[in-house]
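Dear colleague,

I am handing over the structure below, and after it you will find what I found. Please read it with the model open beside you.

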Amino acid sequence: MLLNGVQGFGQGQLNNNKTTNNLVELTLNYTKTIGKVQIEAVGGYSYQSFQNKYYWATGRGFTDFVNFDNMQNELKSSYDAGNAAAVGNFGGVINNWGISNDIRNGTQTSGGFVSGFDAGSGAFSQKYFARPGGVTLAAIGANFYNNTDYIQSYFGRGNFTIASKYLITATLRVDGSSKFGSDNRYGVFPSGAFAWKLHDEDFMPEVFSTFKFRTGYGVVGNQDGLGYGEFIRRDRYSDVSVGDARQIGVPGVSTQGSVNPSLKWEQTKQFSVGIDFGILGDKLSGSIDYYVKNTTDLLLRANAAQPAVNAQIFTNLNATVENKGWEVALTYAAIDKPDASLSFSGNVSRNDNMLKDFGGALDAGTIRGQGLSLAYAQRLAGGYPLFSYHLREFKGFDATGQPIGDNQVFVGKSALPTWNMGFSVNARYKSFDLAMYFSGQFGQYVYNNTANAFFVAGSINNARNVTRNVLTAGEAGSAEAAVSTRFLESGDFIRMQNFTIGYNLPLKDQKFIKKLRFYLNGQNLFLITNYSGLDPEVSSSPAAFDLLNGLPTAGIDYSAYPRPRTFTLGLNLSF
Amino acid sequence: MEMKHNIKMKNRLIAPFLMFVFLLSSCSLDITESDSIKTKGASAVFNGVPDPAGSLNTIFNDISGQAGDQANLYALTEVSTDELLVPTRGTDWGDNGIWRTVHVHTFGPTHNFVTQVWNDKNSAVLRCTEVIDPLSNATPAQVAEAKFARAYNMWIVLDFWGQVPFRNPKDGPEVVPSVLSRKDAYALVVKDLTEAIADLPASVPTSSNKLRPVKATARFLLAKVKLNSNVYNGAYASSDLDDVISLVDQIKADGYGLVGGNYFDLFKGPTYTNIDVIWNVSAGAGNRMWNSLHYNQSHPDNTGGGWNGFSTLAEFYNKFEGPANTNEIGGTQEERRGYTHTLATTNATNKGFGFGFQFGQMYGFKDGAAVALKDRTGKPLVFTKEFAVSGLIGNNEVTGARLLKYSPANGAFTEGVVMARYADAHLMKAEALLRKGNAAAALTEVNALRAIRANTSALASLNEASMLDERGRELYLEGWRRNDMIRFGVFKAAKQFKTAGDGHTDIFPIPASALLSNPGLKQNPGY
């Protein structure tokens, strides 16, 4: 895409990120057997720091804006010269600097400025300086960030084995994070599990070689998505950028973060119950599990009650996301001999997702493409699963080729799969081995944003290529391709995920080479699906300014890269 | 870089280990001031802004940025009226109906522009209140600028929504902002402006820097607010209309006045030394021009051409004097209707870009010669005044006349957008006279303005309808149309592609997200 003021001048951006993590961890292990009780305990403490130091600089008005290498060098040399001048002219912490022949709102109308504060007194100031010789770009501005977050954790775990039959595990974590205010900085996350090896009991039939009952309950905390210092009021100079006319506005001081001392850890409470079993010496083995998982206090960037210093504030959403379901896994060892083996494994799981106790409605699922600005396909609302589609019900085209239906509603479909399955075969015969794995997902729907943006009659009307079916769909070239169920498709698929065939070269006992194996591996060999796009298993990352601000997206396929088909011919050598 | 120590100890080491853990537990979880300064003082929430001058820079930069955007504030004030329509052209400008709903007044509480302007303007009010707060130790001049900015932003909130949430800067996030009624907010705006006038710098009508308010800027806004008092308070207070007249007279006494000569030169930035312009922002006028021009109308500094969206309505064009079916340069049309170029008048300077209403064949200047432009399908680029049958959807790329107050003839991305003009003040005075029952004096004022606009005949009489039309002709695309039409009671009326409404759209819906966060707000009637 061409941006205003780029043609004939060039625009470049330089990003530099430096991430430093430190971890101090101390653990203490304790083991003891008292009568029939075996105790294993671990206690520990850890302290971590995460420093993220970065800057980004944008420049416009290049001497040579045709050759990318030259542009890169010019951006870098202009940045270095500009930064040296800014540092030379400012003693404190620098938030940003800018150099242009067109400086706006300042006491000086060209040259450079640097903004920042004195770390000791906290006083903000700006200084002006003459354009340094080495800055050959018409205009360049740079912004500097330096954030460090900390996590401090205390944890303990006790494993108790009683009479080799009853297993009890109890853990407790206390995690503190600098991303939260002092009121709720620490989260306490206990968990407990109990297992009973029933196959050791006399009353179990002999046919069960393994039979184990498990149940557990636990709480885990989450602080993902939360940025640095969101709970506290901080001030710094607003970012500078270079405008269409290579101008730079002298920035003012603006407020970061919103005071919210009660911000706290997002919590997920999970209850699970299940059995592991094996029959006939574990020739047939498997497990069955049922779980209920409730996530509360979801961390979400929500609209603040206006007037607010910042339009959005990180809050704990007053709602619950419930996931519940079950999983069944089975493995059958059909052959298990010294020079041959064959086993089959399969698993099936069902998950039901629901957002509960939420009174609002938030649009989500940003749709992209020309004529689709600000369009959305999903809505977050109580009583519906996450990533529920909220679309116009497409009812075909009218006699003049215009789409029928212009009212967005919940269509009862979600981007989350309800069924997951996997199936694998492992075989070995003498020196040969073979492994294959299929996976499948069912019940989820994919919004084909690519088709919505490109494969419509309006697109060919604007002299762009389209797929053949567009020509006969009955759509007028003047029709708007609004977001609708027309582009919503089932995303069910089965994928041949992995296939490996290997050959171990028989080696005589000798010291030098211990093992020599050749193998051929193929990944993503084929896909069975009715989805018309390239791959129904889409994962696109949220972009800046997307709806719901950085929350993960699901099910929106906008020219996403399909999974690659990979072939590997390999050789393993062990000495 | 990662250090990891796994220390295994025997029982007898437990006590020293626990002591070590205890010592370590004093490790701080407080963030350091490595790139920003935490607020300091008695309150965790607010102890004054650290740099009032810097905060004011941000406040005025934001007003400028919001004025330069073709969406949001501009769309709500112009596309909602009879001046502009953003038709959906095939798939282009569909944008989930966001432009269509503004024109036909079917916007709802989740309309993105409504939410965005609500957030922008309310947030600005709070940031102004922070500068005004004694804890910020701002100078009287800074406080006066902040009061002007608060009045401007709060006036938009009260004008758009009729309810104004208000937050004390020291209130924490758990405090739900109180809600001012339209009357109370009006009183606060009038008070802020009155106080601002006292401490703002004296007016310099020929200044090349009109980015910050002077006394005349605050008087202009106060006159504007008082002229709308009947909308906000149900009826004019006894002195309101006299106050409008007196404020305009004071602006004139400062040296501002009507400026004749080339009408479109009044809008030629980046600086505005003419005595007509009272206030301008530094935002570029690029979006205002390229949002409407065709993809193939390009400029050496914008070779990608326009975005082919915003168009004007034939019924608005018909309010101007001149031939019905041509607006070519050199015709008898009134000056403010502008002109389109011909092949003969297109040259390297104007590059084929005219001013005002653009329809008929469009011309460009390519490879040193004037050429008749073509659309993307290769047919002559001839804009039509009329749209597809429904107007809103199913348009091709040439329907709709385009309207240019700022033109690429002056540069592809000229800087500076005019926010307040004396000509507006002059017409406000005329309107106040008319509303006081003095139609003859009002007519004299209106004709004084018309007399300096070429090819514009004097009006024989003046009533409310012709007063509103005159404001439209002089002030189109300057952000006043919605406000004017509501004051004259015709915003709800039928217009091209919109049927008559019940008037509930005179006030926008409270955004859904705002209702969710503040139970004190009540949804406006009709939504």
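The area buried between chain A and chain B is about 7,400 Å², and carbon and sulfur atoms give 53% of it; buried area here is the accessible area (1.4 Å probe) that two parts lose on being put together, summed over both. Of the area that chain A buries against chain B, 10% is supplied by Arg233(A), Gln306(A) and Pro307(A), which is more than any other three residues supply. Counted by contact, 95 residues of chain A touch 86 residues of chain B, where contact means heavy atoms within 4.5 Å.

This is a predicted model, in which local features need pLDDT of at least 70 and side-chain atom pairs count only at pLDDT 80 or more, while totals for chains, interfaces and linings use all residues. Residues are numbered from 1 along each chain as its sequence is written, chains are lettered from A and ligands numbered from 1 in the order in which they are written, and side-chain values use heavy atoms, with hydrogens and water left out.

Five salt bridges are found across the interface of chain A and chain B, each being a side-chain nitrogen of Lys or Arg within 4 Å of a carboxyl oxygen of Asp or Glu. One salt bridge joins the side chains of Arg236(A) and Asp35(B), at 3.6 Å from N to O. Strand E1 (residues 11–34) of chain A gives the most to the side of chain A that touches chain B, namely 11 residues; strands (E, at least two residues) are DSSP runs, numbered from the N terminus.

With kind regards

How values were computed:
Helix = DSSP H or I, 4+ residues; strand = E, 2+ residues; numbered from the N terminus.
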